[in-house]
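Student: I have this one open and have never looked at it before. Can you walk me through it?

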Amino acid sequence: MNVEDAPAAADLRRLAAALAEPTPLNWVITGDSITHGVVHTQGGRSYQEHLHEVIRGELERVRDVVLNTAVSGTRITEILDDWDRRVASWRPDVVTLMIGTNDAADDKPSQFVSPAEYAASLRDFVTRVRALGAIPVLQTPPAIDIRNAPERARIGDFVDAVRQVAADEDTILVDQYAHFAELGAGGLAWGLLNDPIHPGAVGHAAITLHLARALGLNPAPERARTLPLLAGMVATARIHP
């Protein structure tokens, strides 16, 4: 299949066309505590809040709805089991998913999930989103401090599963794990984290920038405030030890 015919490329074209029209869009942002976005930004905004400002403020899409249905502690199967409330009932046009940090945990044998099981659930998620007529966007979870969160040492396997599903399903992929590694110069970008697992305010700034660029969210220069501000936060943060 030619890359231009892949659903991911088609989805990006479709999103760009939708952003150029006045018809309002419904954006559902879902996942676990990283997307839920409470506590760990310590009063700063989380990435889905920044995304809201970019879309409804700087892009002037005031009739769009940007909805966060993420819940702390969630695994992918819990989103599938609560599908109507978390996704379908909102009649989404775009659905982004960042999940896997909890799925990778191996400290509770009764909740143990293999990367293959996780990948199968991700495929189900993509299929369901497309059945709604919406655009699925998969994000890898950002890097964590494995030394201080050893129960999640398998996170790399789950990141690889997201990448493989995105490739197999030709789904838009926003690789936040790789982005954090790049910012950390191949090591742990510890200045992006509030604790071993959760990004702080600067981490959420980095996530926002990578997601907005991947989705082609480009406010006109005279209205662009959020993304330049976030870029400045990341550039001046003490990311490395």
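**Salt bridges, then the sheet**

Tutor: Start with D160, which forms a salt bridge with R163, the closest N and O atoms being 3.1 Å apart. A salt bridge here is a side-chain nitrogen of Lys or Arg within 4 Å of a carboxyl oxygen of Asp or Glu.

Student: Why are D160 and R163 separated by about one helical turn?

Tutor: Because they are three residues apart in helix α7, residues 155-169. Helices (H or I, at least four residues) and strands (E, at least two) are DSSP runs, numbered from the N terminus.

Student: Is D160 buried, exposed or partly exposed?

Tutor: D160 counts as partly exposed, at 41% relative accessibility. R163 is partly exposed too, with a relative accessible area of 27%. Buried means under 20% relative accessible area, exposed over 50%, and partly exposed in between, with a 1.4 Å probe and protein chains only.

Student: Before going on, where does this model come from?

Tutor: This is a predicted model, in which local features need pLDDT of at least 70 and side-chain atom pairs count only at pLDDT 80 or more, while totals for chains, interfaces and linings use all residues. Residues are numbered from 1 along each chain as its sequence is written, and side-chain values use heavy atoms, with hydrogens and water left out.

Student: What does the pLDDT average over the protein chain?

Tutor: The average is 93, and 97% of the residues score at least 70. pLDDT is the predictor's confidence in each residue, from 0 to 100.

Student: Where does pLDDT stay under 50?

Tutor: Over residues 1-5, for which the model has six contacts beyond four places in sequence. Contact means heavy atoms within 4.5 Å. Where pLDDT is low, the predicted coordinates should not be read in detail.

Student: Back to salt bridges. How many does the structure hold?

Tutor: It holds 10. One of them joins the side chains of E60 and R223, at 3.6 Å from N to O. That pair links distant parts of the chain, 163 residues apart: E60 is in the loop between α3 (47-58) and β2 (65-68), and R223 is in the loop between α9 (201-215) and α10 (226-236). R223 counts as partly exposed, at 26% relative accessibility.

Student: New topic. In what order do the five strands of the sheet run?

Tutor: The order is β2-β1-β3-β4-β5, in an open sheet with parallel pairing. β2 and β5 (172-174) stand at the edges with a single partner strand each, so one side of each is left without a neighbour in the sheet. The twist averages 20° from one strand to the next. Two strands pair if DSSP finds at least two bridges between them.

Student: How many bridges are there between β1 and β2?

Tutor: Four, in the parallel sense. Within that pairing, V28 has L67 in β2 as its bridge partner. β1 also pairs with strand β3 (residues 94-98), over five bridges, and T30 stands opposite L97 there.

Student: Which strands does α6 touch?

Tutor: Helix α6 (residues 115-131) packs on the sheet and touches β1, β3 and β4, its direction making about 155° with that of β4. α7 packs on the sheet too, touching β4 and β5, at about 150° to the direction of β4. Axes are lines fitted to C-alpha atoms, for helices over the stretch in contact, and angles run from 0 to 180 degrees between N-to-C directions.

Student: Are the residues of β3 buried or exposed?

Tutor: Five of the five are buried, so β3 is largely enclosed by the rest of the structure. Both faces are covered, with V94, T96 and M98 on one side and V95 and L97 on the other.

Student: Last one: which residues of α10 are buried?

Tutor: T226, L227, L230 and V234 are buried. They lie on the same side of α10, because they cover an arc of only 90° around the axis; the arc is that of the directions from the helix axis to the C-beta atoms. L229, A235 and T236, on the other side, are exposed. The cover over the buried residues includes α3, α8 (176-183) and α9.
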